[in-house]
Amino acid sequence: VTGRKALAQALERPEALYELPPYGDYTLLYYADLHGQLRPHYYMEPPNLLAPRPLMGRPGYLAGESFLRYYGLERGSLMAYIGTYLDFPTLARRFGPVGGAARLTALIKAQKEQVGGKALVLDGGDTWTNSGPSLRTRGEAMVDWMNLTGVDHMVYHWEYTLGRARVEELEKKLSAQVLSYNTTDDLFGDPVYPAYAVHPAGRYTLAVIGLTYPYVKVSHPEEFSEGLSFGVREKELQKVVDELRAKGVDAVVLLSHGGLPLDTALAQRVRGIDLILSAHTHDLTPVPLRVGRTFLVAGGSAGKVLVRVDLRLKKGGIASLRARTLPVLESLPEDPAAKALVEEVYRQNPDLLEPIARVESLLYKRDTLYSTLDELACRAIEAAHPEVEVVFSPGTRWGTTLLPGGVLTLDRVLAYTGSTYPEVYLFRMRGERLKATLEDIAANVFAPDPFFQQGGDMSRTYGLTYTLDPDAPSGSRILDVRVRGRPLEPDREYLVAAYGGRLQRAGVLVEGHTPRPVHEYILAFAKKEGRIDLKPRPNVRVLGRNYRIPGGEA
Amino acid sequence: MPALAQGLEGEDLANLEKGLQAALGKGFKDLTPSDAVKLTMPAIAESGANVPAEVEVALPQGQVKAIHLFADKNPTPHLVAVQLMGGLPYYASRVRLAETTAVRAVVETADGKLLLASASTRVTVGGCG
Amino acid sequence: MAIRMLIRFTPAKPKAGEEYKFQVVAQHPMEPGTRKDAEGKLIPANYINLLEVYFEGQKVAEIRPGPSTSANPLFALKFKAEKPGSFTVKAKDINGDTGEAQAKLELA
Ligand SMILES: [Mn+2]
Ligand SMILES: [Mn+2]
């Protein structure tokens, strides 16, 4: 507890945060889930992270007050700003925007210099897409940035939404080495990437194993990763770890895009991993976690933080470690080369930063069930297709936040809708099927065993309200479904709009509708409105949980 | 009812029965659950279009005539019939599963028995990243 | 169009008496007849429904897939290495297209 208190105090004095006294033999500099965010921005953490009951209160499901309590942080502190939604607009004004490639690069280089170069720079994946600059360059701007930052290893997830061919093309330019024990070619099941890399670390050796997101094919249209298979492959991971141990490697580190709940389960089930650097669920761990003999450290998202892990090694493992979550704040210096790169991409895409509308209420994306940015997307679709009864918006974890008084730009719209499959589809679907779809997504999100969770938060619904019982068995979590206020009729066909998923494949497409990207809808809507003032209107009632949205009346 | 056949996610014995009758002229009641048959399926599929399936039979080579795979919930439950004339009692492939389903390996032995192993694979429409 | 196939032995050169895996991958869409295209139209069924494996001219296995084997299908069998020799695989799909592939088994 005293350690946590001391940390909380240290976090109040940023200079103490970035100038760390020497510790141990070797350093890992880790970030994750950048999602193409090259410029500083705001990013509010979720008001709610609803958990399956057995996982409640565990890292991976800590939002707001419970995050502060778990890590011993003060409300209103810098780390409360970085790690929670609490007092967000106030703290955002106090601490300023976060992230930005130029500052992240400078911070990485400065930290590496502090340890005399004895460091590896590790990227947890979800780097190459989901922003204007990344999509306009089909990932190349991100690869250029990684190269000049000096990234040593990375793992993949959303990278594959650029298409397998493009990923392979970018790899030719990428100086970082991709690691994955769980990517195989479908022909004969051969591995596609080296499973690990071994590095000398002073008198010791350290291996980094890579875990690609296991459910690329479930989370995205399959054609993007055609001919490849992934999966958790726990037994193969054990084999790789045993092989490294047999070789006499001292420290075994798993660079994982598995997400904190799955990574925690892997730490329990696989023997011999010293440290897991966890990505995908966008969690932050201001204090390193320990599961059995394995340390876990999460990498945050959106460029908010760099995590520095200093390792004191011993024969056959990690003796102790020090992990620091370093916020990427506006007050930090910028790397000139990275700055020039970012400016050049935006110079070539001037439309990204043109003001579209005034923002008059807090617009955010991340939550288990509802967000005002999703509301904006759904309203924009409704405005264009008033005949549509239900709109679905994907529960992706990536996004951004806009403060009241801010300005909406295409850049900010793409920061939460930018993908390689942004088209809005109109289709008809029977009521029964609509409910079954929600049940299926809920079964996924609220699976008590992390090995059965595939994907992000619940898809957001608009025009459709329901009651959620997260603790009910699969197939009976969704209750009291209403469409435009009237009970769902199982046998009736509903007109549905959806983007960013595959739901339309389960329905019958409306003839004559040409799918257009969702950001075009949002742009048109926002331009017409001139100002965006969206009071939160959460549309899901949750049983057995205290589900609250700040400013929402649910 | 054999214990192995109960409580599996995605079980559909009526549909399976149709497949068994069409492929073997036999029904579910003619199958004997057996530990000698090992069916390995992922608990959760990465993609319903591509699910690895593996059958190993711990019986001497000459005793296994054929290996069949069935999926309860597939429109055509019979996935494959493998006649073994010179091979070891083993078969692996990748199959399409329409939805979350029970999967069955049925082994025809030289002495006319039908041995059964069951597993269940969850297939979801998925979430997002 | 001829169905193209690849054959692999694992281990590549088994020792006499050793078990080895015999894998065939065929280039084929294996359309089950239940999938829809982008316009929502049903894609007609087209899948390999017979695969025969011969060793030194003698049939050692016969695989009859239904409509639910994955695209670019993999078929794996196991054998015990007794003598070197030549494997032939013959495939046929429901449209009558055929393919043939050969591979030589060498022993270590
Ligand atoms: Mn991510
Ligand atoms: Mn991810």
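**Aromatic rings in chain C and charges over rings**

Phe87(C) is buried, with a relative accessible area of 1%. The model in which this residue is described is a predicted one. Phe79(C) is likewise buried, at a relative accessible area of 4%.

A pair of aromatic rings is described by the distance of the centres and the angle of the planes. Across all chains, a search of the whole structure gives 21 aromatic pairs. One of them joins Phe9(C) and Phe22(C), whose ring centres are 5.9 Å apart with 50 degrees between the planes, a tilted arrangement. Phe9(C) belongs to strand β1 (residues 4-10) of chain C and Phe22(C) to strand β2 (residues 19-27) of chain C, so their contact ties together parts that lie 13 residues apart in sequence. Both partners are buried: Phe9(C) has a relative accessible area of 10%, and Phe22(C) has one of 1%.

The rings of Phe79(C) and Phe87(C) also pair, with centres 5.4 Å apart; the pair counts as tilted because the planes stand at 50 degrees, which falls between the limits of 30 degrees for stacked and 60 for edge-to-face.

How do these residues belong together? Phe9(C), Phe22(C), Phe79(C) and Phe87(C) are among the members of one aromatic cluster, which also includes Tyr20(C) and Phe55(C).

Charged side chains are found over ring faces as well. In chain C, Lys90(C) lies over the face of Tyr54(C), at 5.0 Å from the ring centre. In chain A, Arg492(A) is placed over the face of Tyr494(A), at 4.2 Å from the centre of that ring.

Key: Residues numbered from 1 in each chain as written. Chains lettered and ligands numbered in written order. Predicted model: local features only at pLDDT ≥ 70, side-chain atom pairs only at ≥ 80, totals over all residues. Heavy atoms only, no water. Phe/Tyr/Trp six-rings, centres within 6.5 Å; stacked < 30°, edge-to-face > 60°. Helix = DSSP H or I, 4+ residues; strand = E, 2+ residues; numbered from the N terminus. Buried < 20%, exposed > 50% of the residue type's maximum accessible area, 1.4 Å probe, protein only. Lys NZ or Arg CZ within 6 Å of the ring centre and 35° of its normal.
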